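I opened the model to look up the ligand site first, then a handful of single residues. My entries follow in the order I made them.

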Amino acid sequence: MIRSNYFENSVSRETLSKLSKYNDFLLENNKKMALISKNTEKIAVERHYEDSAQIISYLDKKDKIILDIGSGAGLPGIILDIIKKDHNLEFSTHLVDKSPKKVKFLKSANSFLDLDLKIHNSDVKTMMKKNFTTLVSRAFKPMKEFFEIIINSNIRFEKIILMKGEKFMDEYIEAKKYFEINCECYDSVTNPSSKLFVIKGVSRI
Ligand SMILES: C[S@@+](CC[C@H](N)C(=O)[O-])C[C@H]1O[C@@H](n2cnc3c(N)ncnc32)[C@H](O)[C@@H]1O
């Protein structure tokens, strides 16, 4: 079983066991393909799972259809889907990734963990489904490029939650040259140099 004060205090034993199952499955598959960096395997609980889970604090009942863009190993989408019940949330979780290998992993994880994820193997720019309430993304693209992609692809959303690393301020300043951004910025609980941007609207200047 994974050890985590954060999860032990916020989710049921059943959920903790599912998170552990995901961890085992991820580490096993990481031997064959690059899902997470090898040197984060031993610290995956805090670095990847707790980091992803903090998004749940910014979701509420209005977040009904979530899309995780550039999901990779399922971060943050799978973690959010596993813990949603413990936070009285009922959203459906869509994951999109353009890599067929990552998508194969995501589909096997979906059945291995008995989840109901909707998995799209596509470039986000050409996704068929366009209607979501909420977009989430971690380690995907710089902010300006992210907004270009979302606006050009006509994806509809009410909220975006972006997880940003230490270059967050440079990315924000660059994006503000091209976009009007209605957002709030919060400290990451797992990394003092990272931020979470909760964006309620974005439009070209
Ligand atoms: C650096 S990984 C991050 C994975 C995961 N979100 C995480 O936090 O570990 C970026 C992922 O985005 C995917 N990706 C890159 N460009 C994409 C695009 N245009 N459409 C869909 N997926 C894309 C890649 O295949 C890769 O799995």
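**Ligand site.** I began with the ligand and found 15 residues around it, the closest being Gly70, Leu75, Asp97, Val124 and Arg138. A residue is listed as near if one of its heavy atoms lies within 4 Å of the molecule. This is a predicted model, in which local features need pLDDT of at least 70, side-chain atom pairs count only at pLDDT 80 or more, and totals for chains, interfaces and linings use all residues. Residues are numbered from 1 along each chain as its sequence is written, and side-chain values use heavy atoms, with hydrogens and water left out.

By class, I noted four nonpolar, five polar and six charged residues in the shell. Here Ala, Val, Leu, Ile, Met, Phe, Trp, Tyr, Cys and Pro count as nonpolar, Asp, Glu, Lys and Arg as charged, and the others, Gly among them, as polar.

**Ligand nitrogens.** I looked up N and O atoms of the protein beside nitrogen atoms of the ligand. A backbone N or O atom of valine 124 is 2.9 Å from a ligand nitrogen, and one of lysine 98 is 3.1 Å from a ligand nitrogen. For aspartate 123 an N or O atom of the side chain is involved, 3.0 Å from a nitrogen of the ligand. The ligand taken alone exposes 600 Å², of which the protein buries 82%. Accessible areas come from the Shrake-Rupley method with a 1.4 Å probe; for residues, only the protein chains shown count as cover.

**Asparagine 30.** I asked myself: is asparagine 30 buried or exposed? Asparagine 30 is buried because its relative accessible area is 1%, and buried means under 20%, exposed over 50%, partly exposed in between (1.4 Å probe, protein chains only). I placed asparagine 30 in the loop between α2 (13-29) and α3 (44-53); helices (H or I, at least four residues) and strands (E, at least two) are DSSP runs, numbered from the N terminus. A polar atom of the asparagine 30 side chain lies 2.8 Å from the backbone nitrogen of leucine 35.

**Leucine 27.** I found leucine 27 in helix α2, partly exposed at 24% relative accessibility. Its C-alpha atom is 9.2 Å from that of lysine 38, eleven residues apart along the chain.

**Aspartate 51.** I located aspartate 51 in helix α3 and noted that it is buried, with a relative accessible area of 11%. Its side chain makes a polar contact of 2.6 Å with the side chain of threonine 190. Such a contact is a pair of N or O atoms within 3.5 Å; within protein, one must be able to donate a hydrogen and the other to accept it, and residues adjacent in sequence count only if both atoms are side-chain atoms.

**Valine 103.** I read valine 103 as part of helix α5 (residues 100-112), buried at 3% relative accessible area.

**Backbone.** Most residues other than glycine have a negative phi, and most peptide bonds are trans. I therefore wrote down the exceptions that follow.

- Leucine 75 and proline 76 are joined by a cis peptide bond, omega about 10 degrees; proline 76 is in the loop between β1 (65-69) and α4 (77-83).
- Asparagine 88 has phi near 55 degrees, sits in the loop between α4 and β2 (92-97), and is exposed at 57%.
- Asparagine 154 has phi of about 60 degrees, in the loop between α6 (143-152) and β5 (159-164).
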